[in-house]
Amino acid sequence: MFVMQHNHSSEQAAGVLSGVVVVSLEQAVAAPFATRQLADLGARVIKVERPGAGDLARGYDTTVKGMASHFVWLNRGKESVELDVKSAAGREVLGRLIDRADVVVQNLAPGAAERLGVGAADLRQARPELITCDISGYGAGGPYSGQKAYDLLIQCETGLVSITGTEETPSKVGLSIADIATGMYAYTGILTALLERQRSGRGAALEVSMLEALGEWMGYPLHYTCYGGTAPARAGASHATIAPYGPFTAGDGVTINLGLQNEREWKRFCDVVLENPDLVSDPRFADNSSRVANRAELDGIIAGIFATFGSDEALRRLDAAPIAYARQRTVAEFAEHPQLRARDRWRPVWTPVGEIEALVPPVTVAGNEALMRPVPALGEHTESVLTWLDEQ
């Protein structure tokens, strides 16, 4: 097994969060996504893992040269410490780690942090300058506070599944969107708390629930439903409230997704792309509401015209109009996207099984690129972190 030891003190000098120590009792996706972004900014993230097994995400699959795809995505730049936090000795070490921390993150089972003696209230009573971030499925209090929460379940509870998929079949989103939303709010909340602490010297007790994080992202369908009386219709890859908007297949079998936003574009689309200006005056398609109401007829007309020419001609006409469009790429095709290569968005990242490529974080800061340090082996840093504690 390849294990790359690295010197955090020298690497962290380039990061804007250099000197910030984060101790995280984390697993799965939400908390690791938040702390990985802190690590990319130079924070020292000490990841506490169960002896022998570690973060359960280590076992999700073996697709990345024997490692789990979720784990390599979410855990670069961290120090892995194996620690039995249920033992007296483990809790003593955990307490010493927290004494050195600026930020403590946890997404343990409901009530577990309090049972371990590391609940936010106790920690902040002892150290008011400490920032704590508790991540849970449903938040503290209320009838669901003790419920287990996984991404699919939160997608169901927020109504996301009910508006996703085809007219016939509700579907989950194909990635961990509830976890990702939660991780993003935890990350930005921690950054905000660090800024406030710099100003006031006070820490903060942050709480982020998956239900409320994804609930925020449900804002449009919530408003649409509560004030419009009905939920947005499931429309597959099309748009529930705009037409034409979505996939159409050219005569050579290539699928192109179109996006029209206003009446000017609708006229240009009819004139230049469809070469059928009479559609502009057709009362069935007089405005967007009419086009949505008559979507099936409109889609049939567009599909019939697209079938008469190949994708090259379709793209030529769309560019000439111009109308926004996208090729319907597979994940493998996205990995080869020419825009990512042209903008130099890939970087090597070392893992215990060798080098992989990963995308640079999407916020580009001129002259201060994110650090993309190695993915840790389980317990790789236990000894070095314990030595660091003893030196103080």
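Which residues in H2 meet Asp179, Ile180, Thr182, Gly183, Met184, Ala186, Tyr187, Ile190 and Leu191 in H8? They are Ala30, Phe33, Ala34, Gln37 and Leu38, where contact means heavy atoms within 4.5 Å.

## Basis of the model

This is a predicted model, in which local features need pLDDT of at least 70, side-chain atom pairs count only at pLDDT 80 or more, and totals for chains, interfaces and linings use all residues. Residues are numbered from 1 along each chain as its sequence is written, and side-chain values use heavy atoms, with hydrogens and water left out.

## Helices H2 and H8

Helices (H or I, at least four residues) and strands (E, at least two) are DSSP runs, numbered from the N terminus. The axes of H2 (residues 30-40) and H8 (residues 177-200) come within 7 Å and cross at roughly 40°. Such axes are lines fitted to C-alpha atoms, for helices over the stretch in contact, with angles from 0 to 180 degrees between N-to-C directions.

H2 and H8 are therefore oblique to each other; angles under 35 degrees count as roughly parallel, over 145 as roughly antiparallel, 65 to 115 as roughly perpendicular and the rest as oblique.

## Strands E10 and E11

Strand E10 (residues 346-351) pairs with strand E11 (residues 354-359) in the antiparallel sense over six bridges; pairing requires that DSSP find at least two bridges. The two strands form a hairpin with two residues between them, and Trp350 stands opposite Glu355 in E11.

## A tyrosine pair in H10

Tyr220 and Tyr224 both lie in helix H10 (residues 219-228), four residues apart, about one turn of the helix.
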